[in-house]
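User: I have this model open and would like to go through it with you, one piece at a time. Could you keep the terms spelled out as we go?

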Amino acid sequence: MPTAHPRPFADLLPERVLDAVESLGFPCDGRVLALNSYENRVYRVGLEDAAALVAKFYRPSRWSDAGILEEHGFAAELAAAELPVVAPVDVAGATLHRHGGYRFALYPLRGGHAPEPGDRDTLRYLGRVLGRLHAVGAVRRFQHRPALTVDRYGRDPVAVLLAGDWLPPHLVESFRSIAAAVLVAVQARFAQAGAVTTLRLHGDCHAGNLLWREDAVHIVDLDDAMTGPAMQDLWMFLSGSREDMRSQLDWLLEGYSMFRDFDLRELHLIEALRGLRLLHYNGWIAQRWDDPAFPAAFPWFGEPRWFESLIGQLQEQLSALQEPALDPP
């Protein structure tokens with residue numbers, strides 16, 4: 001799990017945001033709007049006589065400089081391949097900057113809304129985009145970004161939750177037992193899939209990181225770019241009944257296979273990846289709790305009813321993991 005850093009943005013006031021942007025030669029008009037982000041801090045910053053920019057300030061201690069620059073390089077590589085990825089602005093040959101003790105990057109502002117879930121034409125289009133993205137991602141390897149593993153995204157978050165006294169005493173053993181069973185089932189699904197190819201991924205490819213506008217999409221926020229199986233960038237578009245998910249997968253792969261072959265063994269990973277995300281999400285909140293933005297955003301976390309709900313979700317996920325994988329198209 002990423003390293004915690006108590007109150008990491010305590011002195012990141014609007015004037016410091018403006019000073020940082022102006023230090024790169026962009027005269028600001030004084031307007032600063034905080035955008036929806038918890039892991040980092042992201043602001044829309046108005047400029048004098050120019051389009052607004054987005055300033056992203058990185059959480060201290062999470063990534064190394066090399067890891068951030070590798071993310072930036074991947075975004076630039078994708079943009080150079082004419083993929084609709086919002087890449088950081090290059091200022092005098094650099095994309096990662098420092099000011100007032102913070103590391104930050106600037107991005108062009110793009111608008112839009114989340115794509116329509118489950119829509120056939122939308123999923124075909126997204127499949128084509130992701131097929132192209134993965135074709136670029138497969139060209140070389142990350143050296144400084146994490147790999148998706150059961151330990152990092154499953155066992156480590158469970159350890160964080162159990163070590164931090166988050167669970168009410170009467171729920172500890174229930175959580176420990178169901179989490180262990182889910183992880184066994186997840187590991188079994190990875191074993192069924194076998195030695196699938198891994199590649200550079202967006203890593204957090206959900207609808208909130210896709211800005212849809214005028215029948216086209218802008219892909220944003222490669223902050224979780226990682227090495228992993230292609231399915232990691234696809235499964236979050238699958239929801240509903242098995243029949244629904246089968247149709248959605250068919251439409252995605254119809255577009256995807258135009259640009260890259262898809263290894264059908266990865267169908268075994270859909271529910272495994274869903275289970276890992278559920279565990280990782282809760283471990284992430286727990287580890288970030290010293291950041292005041294987290295108790296404000298997730299006030300229900302730590303309440304007995306939340307962990308009762310989590311245990312129920314894990315039981316449902318275990319049932320899903322015990323069902324056969326989706327049939328191939």
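**Working through the model**

Analyst: Let me start with Thr227, which is found in strand β9 (residues 226-229); helices (H or I, at least four residues) and strands (E, at least two) are DSSP runs, numbered from the N terminus. This is a predicted model, in which local features need pLDDT of at least 70 and side-chain atom pairs count only at pLDDT 80 or more, while totals for chains, interfaces and linings use all residues. Residues are numbered from 1 along each chain as its sequence is written, and side-chain values use heavy atoms, with hydrogens and water left out.

User: Is Thr227 buried or exposed?

Analyst: Thr227 is buried, with a relative accessible area of 11%, where buried means under 20% relative accessible area, exposed over 50%, and partly exposed in between (1.4 Å probe, protein chains only).

User: And which residues is Thr227 in contact with?

Analyst: Leaving aside neighbours within four places in sequence, Thr227 is in contact with Arg141, Phe142, Pro146, Ala147, Leu148, Thr198, Leu199 and Leu201; contact means heavy atoms within 4.5 Å.

User: Switching to helices, at what angle do α5 and α9 pack?

Analyst: Helix α9 covers residues 304-322, and α5 packs with it at an angle of about 25 degrees, the axes being 9 Å apart. Axes are lines fitted to C-alpha atoms, for helices over the stretch in contact, and angles run from 0 to 180 degrees between N-to-C directions. The two helices are therefore roughly parallel to each other, given that angles under 35 degrees count as roughly parallel, over 145 as roughly antiparallel, 65 to 115 as roughly perpendicular and the rest as oblique.

User: Which residues make that contact between α5 and α9?

Analyst: From α5 come Ser174, Phe175, Ile178, Ala181, Val182, Ala185, Val186 and Arg189, and from α9 come Leu310, Ile311, Leu314, Gln315, Leu318, Ala320, Leu321 and Gln322. By class, the residues of this contact divide into 12 nonpolar, three polar and one charged. Here Ala, Val, Leu, Ile, Met, Phe, Trp, Tyr, Cys and Pro count as nonpolar, Asp, Glu, Lys and Arg as charged, and the others, Gly among them, as polar.

User: How do the axes of α5 and α7 cross, then?

Analyst: The axes of α5 (residues 172-193) and α7 (residues 270-287) come within 9 Å and cross at roughly 140 degrees, and the two helices are therefore oblique to each other. On the α5 side the contact is made by Leu183, Val186, Arg189 and Phe190, and on the α7 side by Glu271, Ala272, Leu273, Leu276 and Leu279. That contact has seven nonpolar, no polar and two charged residues.

User: What else does Phe190 touch, and where does it come up in the core?

Analyst: Not counting residues up to four places away in sequence, Phe190 touches Leu148, Val150, Leu269, Ala272, Leu273 and Leu276. The largest nonpolar core has 78 residues, and Phe190 is among those that touch the most other members, together with Leu126, Phe175, Phe301 and Phe307. A nonpolar core is a set of buried Ala, Val, Leu, Ile, Met, Phe, Trp, Tyr and Cys residues joined through side-chain atoms within 4.5 Å.

User: What packs with α7 at about 45 degrees?

Analyst: That is helix α4 (residues 150-163), whose axis lies 8 Å from that of α7, and the angle makes α4 oblique to α7. The residues of the contact of α4 with α7 divide into nine nonpolar, five polar and one charged.

User: What about Leu133, where is it and what does it touch?

Analyst: Leu133 is in helix α3 (residues 120-137) and is buried, at 2% relative accessible area. Residues up to four places away in sequence aside, Leu133 touches Phe74, Leu78, Leu83, His202, Ile219 and Asp233. The C-alpha atoms of Leu133 and Arg260 are separated by 9.4 Å, although the two residues are 127 residues apart along the chain.

User: And how far is Arg274 from Val17 in space?

Analyst: Arg274 and Val17 are 36 Å apart, C-alpha to C-alpha, and 257 residues apart in sequence. Arg274 lies in helix α7 and is partly exposed, with a relative accessible area of 21%.

User: Last one, what is phi of Glu82?

Analyst: Phi of Glu82 is near 65 degrees, a positive value in a residue other than glycine. Glu82 is in the loop between α2 and β4 (97-99), and at 68% relative accessibility Glu82 counts as exposed.
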